[in-house]
Amino acid sequence: MGGNQTSVTEFLLLGFPLSPRMKMLLFGLFSLFYAFTLLGNGVILGLISLDSRLHTPILHTPMYFLLSHLATVDIAYACNTVPQMLVNLLNSAKPISFAGCMTQTFLFLTFALTECLLLVVMSYDRYVAICHPLHYFVIMSWRVCITLVVTSWACGSLLALLHVVLILRLPFCGPHEINHFFCEILSVLKLACADTRLNQVVIFAACVFVLLGPLCLVLVSYTRILSAILRMQSGEGRRKAFSTCSSHLCVVGLFFGSAIVMYMAPKSRHPEEQQKILSLFYSLFNPMLNPLIYSLRNAEVKGALRRALCKESHA
């Protein structure tokens, strides 16, 4: 079995089977989304970094520490898959080496799994901030924040490594065409020349651990947050809190919903082209929306941006 594995040294990413005109349209649209993703998340990281150097930093809090890691994941997420997709839209299917494909799969899974866990940590942070404001800095101490973030990255990386190790034990003896715009794990497994039931079982178990479990925790956190909001005396405060929570829930629903449908629903119900569209939601659209929903609408972030611009103009 091990000897046959090396018979395929590269794969072809088929991408989207569309007309040249439609491919050019998608290239322009996805390039714009990609630029917005890098710009939005880059602005968040830059503002948090600049603000931490001031004498009275506003963004040097646990919430923005978590946001900085979410922005880092989103930038890495997009950079791992979108450039390859853009190249394939401009040209016919380009080969990717076996090692390059496995690396892309590992990185994609690492960032995806880490984001799932970071979203849970962020929902818990908001729960503590709204439901236990007087004890916020005691409960969400820097030690706790760093531990939660390191745990999220470690769990994401180890689970991704497990998936890739299980793929590497499989023989790939042809065909070598991946019907996707990146080396997505389910599309790669379809090319294996051996039984992939163990891989499928591990993928399903991982989904329960990092999709269903975290989603339930997020929903519990926001249910308690909404309960606390309803008890607020201030109508304006209640309106702002509802607006923030509804936006957060939309992003969480989009990310977890598309991933659950992709990896846990019966595959016969979702043709390969539909799976590509689902992949776009959590690999391109979500990283673009996260900075807008979580940060750029925030008054503190707007204030930090104004201060940075004023400081630049006076320099």
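At what angle do helix α2 and helix α5 pack, and how far apart are their axes?

**Entry 1: two helices.** I am working with a predicted model, so I keep that in mind as I read. I looked up helix α2, residues 62-90, and helix α5, residues 142-168. They pack at an angle of about 20°, and their axes are 10 Å apart. Angles under 35 degrees count as roughly parallel, so α2 is roughly parallel to α5. I also noted the handedness: α2 passes α5 in a right-handed crossing.

**Entry 2: who meets whom.** Next I listed the residues at this contact. From α2 come P62, F65, L66, H69 and V73. On the α5 side they meet W142, C145, I146, V149 and W153. I sorted the residues of this contact by type and got 9 nonpolar, 1 polar and no charged.

**Entry 3: the core.** Then I turned to the largest nonpolar core, which has 88 residues. Which of its residues touch the most other members? They are F11, F30, M85, F172 and Y263. Helix α3, residues 98-131, gives this core its largest share, with 17 residues.

**Entry 4: one lysine.** Last, I picked K23, which sits in helix α1, residues 20-51. Is K23 buried or exposed? Its relative accessible area is 18%. Buried means under 20%, so K23 is buried. Leaving out residues up to four places away in sequence, I found that K23 touches F16, L18, N88 and L89.

Methods: Residues numbered from 1 in each chain as written. Predicted model: local features only at pLDDT ≥ 70, side-chain atom pairs only at ≥ 80, totals over all residues. Heavy atoms only, no water. Axes fitted to C-alpha atoms, helices over the stretch in contact; angles between N-to-C directions. Helix = DSSP H or I, 4+ residues; strand = E, 2+ residues; numbered from the N terminus. Parallel < 35°, antiparallel > 145°, perpendicular 65-115°, else oblique. Left-handed = near helix turned anticlockwise from the far one by under 90°. Contact = heavy atoms within 4.5 Å. Nonpolar A, V, L, I, M, F, W, Y, C, P; charged D, E, K, R; others polar. Core = buried A, V, L, I, M, F, W, Y, C linked by side-chain atoms within 4.5 Å. Buried < 20%, exposed > 50% of the residue type's maximum accessible area, 1.4 Å probe, protein only.
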